[in-house]
Amino acid sequence: AQDSCANRCGELLGTCSCQVTCQSLGICCPDYKEFCLQISPYSGSLMGGKDFLINNTALNASSVVKCRFKQQIITSGYVAKDGKAHCISPLLFETGFIPFEVSTDDGLTFPYSGTWLSVHHSKVSDEEKCTLVNETKWQYYGTPNTGGSLTLTWTHQTLAATHINIEVWGYQETGDSYSENWMAEWKYLYTLAREISNTGNFSFIPVPAAGSYSTWDFGILRIIPSNYFDGQSNIPSIWSSEHALAWHLEKDFRNDPNAWATAKCIEWDRKEELLPNFVEEITDCPCTLAQARADTGRFHTDYGCDIEKGSVCTYHPGAVHCVRAIQASPQYGAGQQCCYDSTGSQILTYDSTGGSTPDRGHDWGSPPFLKPPRIPGFSHWLYDVISFYYCCLWSDNCDFYMKRRPSSDCRTYRPPRAASAFGDPHFLTFDGLNFTFNGLGEYTLVESDLTSLRVQGRTQQAHFRNGTGAQGTGLSAVAMQENSSDVIEVRYSEDLNLEVLLNQRVLSFSEQSWMDLKGLFLYSTHDQNITVMFSSGSGVEIKGSGGFLALTILLPEKFMNHTQGLFGVMNGNPEDDYTFKNKTTMSVHASPQQVFEFGANWAIENGTSLFTYDTEFLLNSFFHGEKHNASFLPMFSPYEDPADPLVEEMVSLCDSDPFCRFDVLTTKNVQVGSSTRVSHQNHKLLVEHLEPDMSLLLVISCGWLDHPTNGSKNGTNYLLGSIINFTCNPGYELTGSQQRTCQVSGAWSGDTTHC
């Protein structure tokens with residue numbers, strides 16, 4: 001008898017497979033498609049209430065469908081008229097892939113399984129939410145010159161109901177901060193409108209909420225079909241964006257918003273006084289905008305202030321771009337933000353309200369999620385956003401907020417080191433050595449004993465335009481893992497599409513471009529540049545370029561003296577970059593043939609391979625074949641024939657770039673050379689942005705300087721060579737230095753200025 005995939009998805013059984021690779025290999029159990037579920041859509045907000053279709057199993061209409069998430073949260077599903085089953089996603093306090101199972105016998109057995117992607121509430125499409133028309137008006141309602149009616153709109157087809165209710169929910173965290181009993185809760189407060197027509201539009205004039213509800217100042221709206229109970233959980237819903245509930249606050253707020261908010265601000269300030277100081281453990285900011293945009297393993301664009309989207313920086317006047325630290329701080333789960341002006345300098349809150357402010361709660365939350373302060377989005381709102389409304393937006397007490405959320409400067413910031421591989425593979429190591437290695441096989445690009453980081457590369461033979469094989473290779477796949485994280489592989493499929501695999505399964509970016517995964521974050525741009533950000537702060541960037549992959553690896557300074565592989569030993573000294581597995585080294589002046597032997601030495605083994613072998617070709621060529629194909633001999637130094645018309649084209653395209661010239665000659669294709677030239681320039685630019693002055697190896701910051709009491713200063717740049725001038729107010733005399741300069745030592749010249 002054939003084995004069954006019931007309750008066994010992801011396993012390799014005796015006679016057949018229930019693993020995701022079974023389809024392309026043609027070895028699935030007969031019922032694989034029935035029990036291992038494909039769903040659409042595959043993602044939705046962590047707030048839940050989203051209806052998704054199970055594409056596989058056709059059921060009879062009498063089946064009672066239950067969906068169980070994480071083995072514990074059960075929601076009711078249903079069978080539609082077409083016989084297809086549907087589930088409703090639950091409210092979750094975490095993001096990432098959530099395993100779920102389906103029962104068709106009212107919860108007795110759950111033989112079907114799949115995964116649901118829970119995402120940050122701000123990362124779902126606008127169509128999925130109901131829209132607070134003119135959101136500012138909702139959040140400032142009752143403050144001077146803000147009143148009248150409010151309007152809510154939604155896509156009415158989302159709910160199969162003729163009549164709907166609109167509910168108000170509030171978010172709170174109970175228990176003692178940073179203790180075991182600290183809990184997060186979304187609470188149903190009251191129903192704003194009942195049994196209204198599902199037209200997609202509702203307007204009303206808000207009144208202060210009844211009783212104690214009017215003290216809830218942070219929350220969300222939910223639209224549900226009218227036939228459900230008030231506040232019923234995990235039912236079909238449309239949520240609004242989370243927002244400051246100014247529009248329903250108590251009469252005291254409307255009578256004197258400034259006084260009400262000032263009292264709240266002072267109360268918040270007192271509470272902060274008793275909480276641990278998270279600012280001491282968050283990472284410092286990059287010194288310059290160029291560094292912030294280059295350090296992609298540790299910092300990512302803050303969507304609230306993005307230079308690529310026209311620098312609309314509402315909360316940071318004067319800034320052109322902000323970034324957020326990707327990883328939350330270890331103990332307190334806090335977040336860092338860094339903002340820059342049009343000259344590329346950091347803006348500090350000491351000098352301007354447009355400065356960057358760190359966050360007690362990281363906006364994106366942080367693993368393991370589930371409890372404060374690590375709830376995605378909402379912990380951050382509670383500690384860092386609603387308090388900004390109290391102190392800065394509803395009253396004029398922003399100095400209280402800035403005192404508790406001061407910008408970090410960049411005194412302890414150290415840029416990461418970068419290594420790249422591209423084209424007919426050319427390697428630029430962390431320490432700046434460059435070489436060409438044209439082996440055919442699977443190799444260790446970098447591995448580290450510090451975090452068990454492993455990045456492996458597969459090369460395949462390059463081809464001439466007429467389809468015959470060239471005497472060169474290029475990167476066709478890169479696989480990576482750190483500690484016990486998920487395994488990510490980026491590869492060219494056999495029809496030359498770029499694919500990203502998560503634990504052997506091909507991922508779709510059709511709904512989400514950012515994913516919170518185990519031990520890493522994954523991001524894909526529209527044109528398929530893939531960035532993997534590991535929890536150690538190491539980053540891997542991959543893009544398709546001229547038929548091969550171009551790869552960059554960024555490693556923070558703590559990896560110094562902890563790397564090996566084709567990218568060498570990262571220690572600032574290129575002389576030992578040709579280090580073999582047995583720790584012997586070879587001169588950097590080695591011949592191309594010797595470099596070929598060095599590369600072959602770093603071939604991987606099947607036991608430690610991170611690659612997915614899901615086609616006959618991959619199994620035969622790389623799994624059963626040699627990891628380094630010793631019979632493939634590349635061209636070591638291609639011949640330049642002056643009579644060849646290609647050489648003339650090559651010279652005008654490549655100029656003096658040796659990698660570009662090499663690739664044009666090996667592949668006889670100018671496009672390949674052009675891609676290589678761009679990748680090479682990108683690497684040089686990246687290193688330049690990260691290390692603005694290689695002779696100093698770091699950007700020096702002398703730290704913030706205050707103006708003297710009864711005097712003023714000009715200048716807000718605190719980096720090496722900057723000059724700050726001081727003047728005293730009329731009637732005061734200056735002692736100390738009138739001018740101070742930031743020196744190489746990291747100290748300011750001269751003496752403290754007094755008036």
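Trainee: What relative accessibility does Tyr-178 have, given that this residue counts as partly exposed?

Mentor: The model is predicted, so local features need pLDDT of at least 70 and side-chain atom pairs count only at pLDDT 80 or more, while totals for chains, interfaces and linings use all residues. Residues are numbered from 1 along each chain as its sequence is written, and side-chain values use heavy atoms, with hydrogens and water left out. Buried means under 20% relative accessible area, exposed over 50%, and partly exposed in between (1.4 Å probe, protein chains only). Tyr-178 counts as partly exposed because its relative accessibility is 26%.

Trainee: Where is Tyr-178 placed, and what is its phi?

Mentor: Tyr-178 is in the loop between β12 and β13, where helices (H or I, at least four residues) and strands (E, at least two) are DSSP runs numbered from the N terminus. Although Tyr-178 is a residue other than glycine, its phi is positive, near 55 degrees.

Trainee: Which strands pair with β12, and over how many bridges?

Mentor: Two strands pair if DSSP finds at least two bridges between them. Strand β12 (residues 163-174) runs antiparallel to β13 (residues 183-197), and 11 bridges join them; here Tyr-171 stands opposite Trp-186. With β15 (residues 218-225), β12 also pairs in the antiparallel sense, and Glu-167 stands opposite Arg-222 there.

Trainee: How many of the residues of β12 are buried?

Mentor: Strand β12 has 12 residues and is mostly covered. The number of buried residues in β12 is 9.

Trainee: Which residues cover the two faces of β21?

Mentor: Strand β21 (residues 417-422) is mostly covered, with 6 of its 6 residues buried. Both faces are covered by buried residues. One side holds Arg-417, Ala-419 and Ala-421, and the other holds Ala-418, Ser-420 and Phe-422.

Trainee: What is the bridge partner of Ala-418 in β34?

Mentor: Strand β21 pairs in the antiparallel sense with β34 (residues 548-555) over 5 bridges. In β34, the partner of Ala-418 is Leu-554.

Trainee: Which residue takes a positive phi in the hairpin of β21 and β22?

Mentor: Strands β21 and β22 (residues 426-428) pair in the antiparallel sense over 3 bridges, with Ser-420 opposite Leu-428. The hairpin has 3 residues between the strands, and the positive phi, near 65 degrees, belongs to Gly-423.

Trainee: Which strands are at the edges of the open sheet formed by 6 strands?

Mentor: The strands of this sheet follow the order β24-β25-β26-β27-β28-β29, with antiparallel pairing. An edge strand here pairs on one side only, which applies to β24 (442-448) and β29 (505-506).

Trainee: Which strands of that sheet does helix α10 touch?

Mentor: Helix α10 (residues 616-623) packs on the sheet, and its direction makes about 105 degrees with that of β25. Contact means heavy atoms within 4.5 Å. The strands touched by α10 are β24, β25 (453-463) and β27 (488-492).

Trainee: Why is α12 described as roughly antiparallel to α13?

Mentor: Axes are lines fitted to C-alpha atoms, for helices over the stretch in contact, and angles run from 0 to 180 degrees between N-to-C directions. The axes of α12 (residues 658-667) and α13 (residues 670-690) come within 8 Å and cross at roughly 160 degrees. That makes α12 roughly antiparallel to α13. Angles under 35 degrees count as roughly parallel, 65 to 115 as roughly perpendicular, the rest as oblique, and, as the class that applies here, roughly antiparallel means over 145.

Trainee: Which residues of α13 meet α12?

Mentor: From α12, the residues in the contact are Phe-659, Cys-660, Asp-663, Val-664 and Thr-667. Those of α13 are Val-670, Val-672, Gly-673, Thr-676, Arg-677 and His-680.

Trainee: What is the relative accessibility of Lys-668?

Mentor: Lys-668 lies in the loop between α12 and α13, and has a positive phi of about 55 degrees although it is not a glycine. Lys-668 counts as partly exposed, with a relative accessibility of 47%.
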